[in-house]
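Work through these exercises with the model open beside you. Try each task before reading its solution.

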Amino acid sequence: MWADSTHQSEACSNGRCEFAVSSGCVGPGRPEADPLEKRAENEPWLARKNTRCCCGRLMGEHSWQESTLPLSLCPGPEQGMEEKWSMMVHTKASPTDAYGIIDFQDTLSNMFSQYIRVAVDSRPEALLQLMLREWQMERPKLLLTVQGGSENFVLPPKVKQAFSKGLINAALSTGAWILTDGINTGVSKYVGDAVKTFGGHDLRKRNTIGITPWGMIDNNMDLIGRDVFRPYQPLGNPLSKRACLNGFHSHFLLVDDGTLGKHGCQEGLRRKLEKHIQLQKVHPRLKQGVPVVCVVVEGGPAIVSTVLDYIRSAPPVPVFVFEGSGKAADLLAFLHKQTLDEDIKEDFLVRIGDVFGIERAEATDLFTLLQQCMDHRQSVRTKASPAEQLSMTLAWDRADIAQKEILVYGQHWQVGSLEQAMVDSLVMDRVSFVKLLIDNGMTMSRFLTVDRLEELYNTGQTQQFLHHLVEDAKQTSLPVGYRLSLIDMGLVIEYLIGGAYRSTYTRKNFRAAYSPDMATLHSLMVNSSYVHPSFVLRGEKLTSHHRTDIIPGLSAPLPCPFNFNDLFVWAVLQQRQQMALFLWQYGEEALARAVVACKLYRSMAFQARQSNMDDNLAEQINSRHEFGQLAVDVLDCAFQQNEQMAMKLLTSEMEAWSHFTCLQLAVSSCHRPFVSHSCTQTLLTDLWTGPLNMRKNSFLKIILSLLLPPAILLLEFKSRAEMCHVPQSHEAMLFGLESVKSQPATEGSDRTDAERGLSFQNKCRGPGSETVPTVSAQWLFWIRTIYEFYSAPVVKFWFHTVSYLAFLMLFSFVVLVKMEAQPRVEEWMVIVYIGSTAVEKTREVVMSEPRKLSQKLKIWFSEYWNASDFVAIVLFVVGFVMRWFADPYRTAGRIAYCLDIIFWFVRVLDLLAVNKHAGPYLTIITKMTSNMFFIVVMMMIVLLSFGVSRKAILSPDEEPSWSLARDIVFQPYWMIFGEVYAGEIDACDEDGSCPPASFLTPFLQAVYMFFQYIIMVNILIAFFNNIYFDMASTSNKLWRYNRYHYIMTYLERPWLPPPLILFSHMALTVRGIFRRFRQDAEREERGSGLKLYLGHEDRKTLYEFEEKCVEVYFHEKTEDANSSQLSRIRATAERFTLFFFYTQSNPAKSHFRSFPMALLCVTQIGAISSGCLFHQHSSVISLYNPCFLVVPSMLTRAGITAEGC
């Protein structure tokens, strides 16, 4: 790394990273010369080697001893002995020979700092590049340059605490860099102490940079070396003029100008570096540069010139002065608060002389500089625009400052500034700012447009992954620099959710409006019978609650009423977990959004694994289970509040989510905990029983009613109030019945209905039923009762089961008796049953929700029993065709029948899966069967290895035939189950003839039996035991999850079983033709599946209930967090820490009453007139760019002034 850093700094001087090495001379006005030098002025050169040069070195230490002497030491006839020393003339540059890591030995914990020796004329661009690329420092969002005294001085305890805590809090909360001199004296030492005390546990993440003169460092020769790890003991000689490095600085720039023991050479390079950092952007998305703030603590006369240089610069640098720190800082604070007249001027001049110990003339010059500083105070005090201030706090991620100082009442904002701030907040993942802007009136319908939403999708760190998803969804490769569109993202959403889900971005209405074809757009908006809610127009203008956007190439406005759902999906696809969790709380359909997020995360994790991308990415995406658990928690909270309303949340149609229900989304996302929840299972139970009110002996009642239909009239049915949360199947339209409306009835009427025991069908009667004659009304009542009985899924199940068992009996009879040339009546009945079943399977495929036939078939074949039914039907058709021909085809057809009946008998297992006792065991068997594949493959390998070698040894003279394949596996396979064929172990015949090497077969069989029978079989048994014990605890949940599919299968299936089901197919065909004739395709799409259709008021009431449940959930979560023992311990520890700091700073007077006020003033350091630097718990630089911000000394409790606090 250090070799690279040297290369990075090569531009510092003449294309190389160099430092200045003195080759100096003795010049006039040299600061130091020892007596030996004075006595030897006219002696030869060899006698003057101990003379000290202006560079601070002895003559004998110069590098030019190996080359030609300087001109000043070999004067010509007309040249004097004196020459003025210059770095440019008397030094030479060479590549740096000191960089690496310093290990400070005096700290309790191992403190390591990176350092490099650089030339005084190094370019700041190269230095910044070194710090960012080689030292891997984060880009600064604020630069705090600390100026002050370089000699040791004492700060008052309160001022020290205010300075230390405020500086570190400001740096940590804004991501600031701190620049100091880096030495272990003066203000740099106080900065190091602040890092030690308030820097947190991980001190290695600090960004405290020391810019130190190389010649002022004690023991600097210990740091010589390239890419080295040097232990450093910061204990210098008390009599030396040099200083040690401070161990709590993270990085050091050791500036060399060729001098030794002289301070100040680093100031020019430090100022150039500060100006260069000030020109850098605080964030790539923001235009503002990095703000620089000068903090002055104590200081000598030179600090006044430094302050004047800061406030004269363009742009001016705000200066923060700590009053009470002494010397220059106190003088600047005094002048800032006072208006000097002639009387006070004289006293002030005397004070300057006393503070610095200088003469009257020097004090007057210094007073002039102080006045110039005050003159520039007014020119600096200009506020930045609100947008710039908001951008700065956005870069610092300080929403609290923006809320208190910027987003206030009466603030004037330029058009579009808040919208741009919202975009920046979303891209930069600033959740607190997004919340702040939303709370201040930012609405998604006005903010979100097509351009902004596409800009959000095309920015971020997950662009490569999103491009992969788009390529998979579109089945094509994208060109370089491709810009994602909303239609592309719609395809990605459909691809990830799968099934029949259709995104709003891919619908015809959106595509037509997105396309530049204006004729299509106009035709769509005016003539279409169904208008999507996203494109509601009134005349030629948009409705007031809709936002318009102009797409490039589109001359008309595009309506874009996007909402929080669109932004929420963006956050999930961008993998911004915290942003998604925040946006989930806003808007409607919170339960559905949580389920959608769970599905998207799982699908993205699966795609990441399938694409062989970074494993960490797949694990990171898959580890985000918050939304899955969030959906379960909210559902549980809603179920506790109101059971019926909670079940309505599961089955109500959601127009924004492709007309899906929440339960459908949960099932498609394989969210087993959600589907197995008590609320979902209660709803599934109500769906399963339908309007029948049965709790005990339901099996006997249903079977009896099927065998004796008049018994149906004796059954009990549920009332309308009990069925208001259960959606009614669309098959009710067959008899012209009205759908059950879920409008909440009045409390009194519901109670009356329940008390009277009115049946569900009685509540469904129209108002004109009273005029119907009594006989007709009675007949209508019987018809509806019979229909409601047969339309219940549990009745359908038993009706189909009885019919299926009868079919198996007939099929068994057919295959057991002799097959005649012409089919018997029983065989014809089997043929009709299987034929009607094939028609039913075709109807299931055609009526499924996906629009494309390929997708319909893919989803249908994804279920095992559908694939099994397909094979069974095809095999039966083959046998049926072949049985019409003469032998041997008829025999082949009969064998096909015999094999086909196996599939139909196995199908009975699916009927048992409905039972709550047998269902979990079938789940365990399915898991065992699917996971035993690899063990069976290993067993097959062992079997073949033994079978081939055994057959080859025992039968060396075999001719080629297919029987060899049977002989290889026949006997070795049965050996697995204990059949050892003892009579065939000895391969020798009775006459004593043996095949060659036949003695090997017993040995091979022994090894095979040991490995296969003892090891592999026991491994398989242990494997099954492991699966059983693992699945025993979860099989019930898996059965509950699969129960949804069983119930939905019989909900959507016609009530007549095969072969009578053909009549239901005829009725469905007539119904479909009638709807097609009425051009009601969109209604047919919305009508697919089991959904609860609510009116506007009912939907509003349901959303209000859901919002209330979310609020209750967060309230309970907050209470649990606040009441936890850990939170109480943490709060106690914080109070003790604050009290400890206060008592330590004022041990003599620890008055409890004065502690809160003093603490507030320490943490909330005030500002003069225009703003404050440090805010409570945050300590952040003000955005008002004041020239001076003064901290009062607060030496006593009475010294707390309104100006200071």
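Predicted model: local features only at pLDDT ≥ 70, side-chain atom pairs only at ≥ 80, totals over all residues.

**Exercise 1. Is Gln136 buried or exposed?**

Solution. 
- Step 1: Find Gln136 in the loop between helix H4 (124–134) and strand S5 (142–148).
- Step 2: Read its phi, which is near 55 degrees. That is a positive value in a residue other than glycine.
- Step 3: Exposed means over 50% relative accessible area. Gln136 reaches 63%, so it counts as exposed.

**Exercise 2. Describe the surroundings of Thr185.**

Solution. 
- Step 1: Thr185 belongs to the loop between strand S6 (176–180) and helix H6 (186–198).
- Step 2: Its relative accessibility is 19%, so Thr185 counts as buried. The cut-off is under 20%.
- Step 3: List the contacts, leaving out residues up to four places away in sequence. Thr185 touches Ser150, Asn152 and Ala243.
- Step 4: The Thr185 side chain comes to 2.7 Å from the backbone oxygen of Ser150.

**Exercise 3. Which residues does Val431 contact beyond its neighbours within four places in sequence?**

Solution. 
- Step 1: Val431 lies in helix H16, residues 431–439.
- Step 2: With a relative accessible area of 21%, Val431 is partly exposed.
- Step 3: The contacts are Gln578, Met579 and Phe582.
- Step 4: Check one pair by C-alpha distance. Val431 and Met579 are 148 residues apart along the chain, yet their C-alpha atoms are separated by 5.7 Å.

**Exercise 4. Locate two cis peptide bonds.**

Solution. 
- Step 1: Ala314 and Pro315 are joined by a cis peptide bond, with omega about -5 degrees. Pro315 lies in the loop between helix H8 (301–312) and strand S11 (319–322).
- Step 2: From Pro1058 to Pro1059 the peptide bond is also cis, with omega near 0 degrees. Pro1059 is in the loop between helix H45 (1000–1052) and helix H46 (1061–1077).

**Exercise 5. What is the volume of the largest cavity, and which residues are closest to its centre?**

Solution. 
- Step 1: The whole structure holds nine cavities of 30 Å³ or more.
- Step 2: The largest has a volume of about 100 Å³.
- Step 3: Its lining has 13 residues, and those closest to the centre are Glu589, Ser652, Met654, Leu1102 and Tyr1103.
- Step 4: Helix H25 (590–610) and helix H48 (1096–1122) each give two or more lining residues. H48 gives the most, four.
- Step 5: Sort the lining of the largest cavity by type: eight nonpolar, one polar and four charged.

Methods. Residues numbered from 1 in each chain as written. Heavy atoms only, no water. Buried < 20%, exposed > 50% of the residue type's maximum accessible area, 1.4 Å probe, protein only. Polar contact = N/O pair within 3.5 Å; in protein donor to acceptor, adjacent residues only side chain to side chain. Contact = heavy atoms within 4.5 Å. 1 Å grid on protein atoms, 1.4 Å probe; cavity = no way out; pocket = protein on both sides within 12 Å on 5 of 7 lines; lining within 4 Å. Points joined across faces, edges and corners; volume = space filled by probe spheres on them. Nonpolar A, V, L, I, M, F, W, Y, C, P; charged D, E, K, R; others polar.
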